[in-house]
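Visitor: Could you take me through one part of this model up close, namely how the helices pack against each other? I'd like the angles, the contacts and the residue classes.

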Amino acid sequence: SLVLLEYACLLEASEKYDEAEEYYLKSLLEDPNHSNALTVYADFLATVRKEYTEAEKMYQCAIKADKFN
């Protein structure tokens with residue numbers, strides 16, 4: 001949901017990374033095809049966790065989920 005995604009972003013900005021990731025994942029559990037949530041989580045994986053392979057997978061999912069692609 002958008003609320004879970006926004007809360008995850010707030011937690012990330014507050015450098016509460018473990019909690020942020022928990023809420024990113026909760027958001028994706030509610031809507032696994034939410035392209036914005038997938039993209040924001042991919043950004044988190046790349047910039048915070050430095051998990052580039054996982055981030056790329058999330059970006060690919062976001063591309064597939066985006067109805068404009």
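Guide: Helix H1 (residues 2–13) and H3 have axes that come within 11 Å and cross at roughly 20°; axes here are lines fitted to C-alpha atoms, for helices over the stretch in contact, with angles running from 0 to 180 degrees between N-to-C directions. Helices are DSSP runs (H or I, at least four residues), numbered from the N terminus. That angle makes H1 roughly parallel to H3 (under 35 degrees counts as roughly parallel, over 145 as roughly antiparallel). This is a predicted model, so local features need pLDDT of at least 70 and side-chain atom pairs count only at pLDDT 80 or more, while totals for chains, interfaces and linings use all residues. Residues are numbered from 1 along each chain as its sequence is written, and side-chain values use heavy atoms, with hydrogens and water left out.

The crossing of H1 and H3 is left-handed, as the near helix is turned anticlockwise from the far one by less than a right angle. On the H1 side, Leu5, Cys9 and Glu12 meet H3 residues Asn36, Ala37, Val40, Phe44, Thr47 and Val48, contact being heavy atoms within 4.5 Å. That contact has six nonpolar, two polar and one charged residues (Ala, Val, Leu, Ile, Met, Phe, Trp, Tyr, Cys and Pro count as nonpolar, Asp, Glu, Lys and Arg as charged, the others, Gly among them, as polar).

Now for H2 (residues 17–30): its axis lies 10 Å from that of H3 (residues 35–49), at an angle of about 155°, so the two are roughly antiparallel. H2 also passes H3 in a left-handed crossing. The H2 residues in contact include Tyr17, Tyr24 and Leu28, and those of H3 include Tyr41, Leu45 and Arg49. By class, the contact of H2 with H3 has 12 nonpolar residues, one polar and three charged.

Definitions and conventions: Angles under 35 degrees count as roughly parallel, over 145 as roughly antiparallel, 65 to 115 as roughly perpendicular and the rest as oblique.
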